[in-house]
Amino acid sequence: MAIFSTPASPFDPPSPLYTFLTSPLKSTTHALHHLLTSLRHPPPPPHPPIRIVCISDTHTLLPASIPPGDLLIHAGDLTTAGTPAELQAQIDWMRSLPHRHKVVVAGNHDTWLDPRSRATLSAEDQAATIDWRRIHYLQHAATTLAFPSRSPGKTGSATRTLTVYGAPHIPACGPDGFAFQYPRGSDAWTDVLPAGVDVLVTHTPPKHHCDLFPAALGCEWLARETWRVRPRLHVCGHVHAGRGREGLWWDEAQQAYERAMGREGAGGTGELLDGWAWVECAKVVYYGVVGLVWNRVWGGDGRPGVLVNASLMYNNSGELRNPPQVVDL
């Protein structure tokens, strides 16, 4: 990664120095927001928790190990060429794992799963079928999963449930052979998600969250829709270099951050001359400090959502160097 050169593609991460020189104020705002958010402590989950293992973007490869858990979620791009043979191999591998429930959504590389992109495959592949036994494949659909209590020494404890909704569509980023694409900037999300969703699984991230700063490759309409539904956990992938997790507190600090990151204007030193950009940066810091004090000093009891970009693929290296992520709900 060259220090000063432009990234080869929007999906390649720039160096920190390049990012700072091209977006100095946004870089500072981004860093301060994530620092303040990281210092806020959510309340502990119920005991025992439901342990959710999150993966994405395996691209036909198999990770060296998968942590144990109650629910395994794959957020898309199981394959590279999107053939039924590649898909079935990944599905069979997931089926062999011991997790009680497994949930899958498609990604843009999973060509066969989208009838529109399936037409780009061979006639033999188009006529093939997929065996989804013991796998919950969600394509604009929801399922409610039951998890018996694992409390030691207790019998007859109430079963907990999670409602999981999955959707594969992404802002367009490639050729017609890519699956589930819609024109970038188009509203493909408003009022799509049902109420009462505990876990949301999408292939694309929401804009400005785990979507590679400063490229912001996620979807702004998905970001708005998640504000309406506010899932407890949102699992995504797609942007390999955006891998990580964030706490989403659904408050003034998050609103200020999203406004600041979405502000259009000159980059570089021109950004430093934009007075309103400084105002937005100040709001991010002010509301972030207020949220931190409320959480750590005054004992505020708000419970954030968790956003996980679960890509196992390390950037565009072709190697699964990112470990699976585990979330307790």
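**Cavity, helices, sheets and backbone**

Analyst: The residues that line the largest cavity divide into three nonpolar, four polar and two charged. In these classes Ala, Val, Leu, Ile, Met, Phe, Trp, Tyr, Cys and Pro are nonpolar, Asp, Glu, Lys and Arg are charged, and the others, Gly among them, are polar. This is a predicted model, in which local features need pLDDT of at least 70 and side-chain atom pairs count only at pLDDT 80 or more, while totals for chains, interfaces and linings use all residues. Residues are numbered from 1 along each chain as its sequence is written, and side-chain values use heavy atoms, with hydrogens and water left out.

User: Which residues line the largest cavity?

Analyst: The lining is His33, Thr37, Arg40, Gly247, Leu248, Trp249, Asp251, Ala253 and Gln254. Helix 2, strand 11 (244-248) and helix 7 (252-261) are the elements that give two or more residues to this lining. Helices (H or I, at least four residues) and strands (E, at least two) are DSSP runs numbered from the N terminus.

User: What volume does the largest cavity have?

Analyst: About 30 Å³. A search of the whole structure finds one cavity of 30 Å³ or more. A cavity is a set of points on a 1 Å grid over the protein atoms alone where a 1.4 Å probe fits but cannot get out, and lining residues have an atom within 4 Å of a point. Grid points are joined across faces, edges and corners, and the volume is the space filled by probe spheres set on the points.

User: Back to helix 2. At what angle do helix 2 and helix 9 pack?

Analyst: Helix 2 (residues 24-38) and helix 9 (residues 275-296) pack at about 5°, and their axes are 9 Å apart. That makes helix 2 roughly parallel to helix 9, a label for angles under 35 degrees. Axes are lines fitted to C-alpha atoms, for helices over the stretch in contact, and angles run from 0 to 180 degrees between N-to-C directions.

User: Which residues of helix 2 make the contact?

Analyst: Leu25, Thr29, Leu32, His33 and Leu36, against a set from helix 9 that includes Trp278, Cys281, Val285 and Leu292. Contact means heavy atoms within 4.5 Å.

User: Now the sheets. In what order do the six strands run?

Analyst: They form an open sheet in the order 5-6-9-10-12-11, with mixed pairing. Two strands pair if DSSP finds at least two bridges between them. Strand 5 (141-147) and strand 11 are the edge strands, each pairing on one side only. From one strand to the next the twist averages 20°. Strand 9 (residues 199-202) and strand 10 (residues 233-236) run parallel and are joined by three bridges, and Leu200 has His234 as its bridge partner in strand 10.

User: And what is the order in the sheet of five strands?

Analyst: That open sheet has the order 4-3-2-1-13, again with mixed pairing. Strand 4 (136-137) and strand 13 (325-328) are at the edges with a single partner strand each, so one side of each has no neighbour in the sheet. Strand 1 (residues 51-55) pairs with strand 13 in the antiparallel sense over four bridges, and Ile52 stands opposite Val327.

User: Last topic, the backbone. Where is the place of Pro48?

Analyst: Pro48 is in the loop between helix 2 and strand 1. A cis peptide bond joins His47 and Pro48, with omega about -5°. The bond from Phe213 to Pro214 is also cis, with omega near 0°. His140, in the loop between strand 4 and strand 5, has a positive phi of about 55° although it is not a glycine.

Methods. Angles under 35 degrees count as roughly parallel, over 145 as roughly antiparallel, 65 to 115 as roughly perpendicular and the rest as oblique. On a 1 Å grid over the protein atoms alone, a cavity is a set of points where a 1.4 Å probe fits but cannot get out, and a pocket is an open set with protein on both sides within 12 Å along at least five of seven lines; lining residues have an atom within 4 Å of a point.
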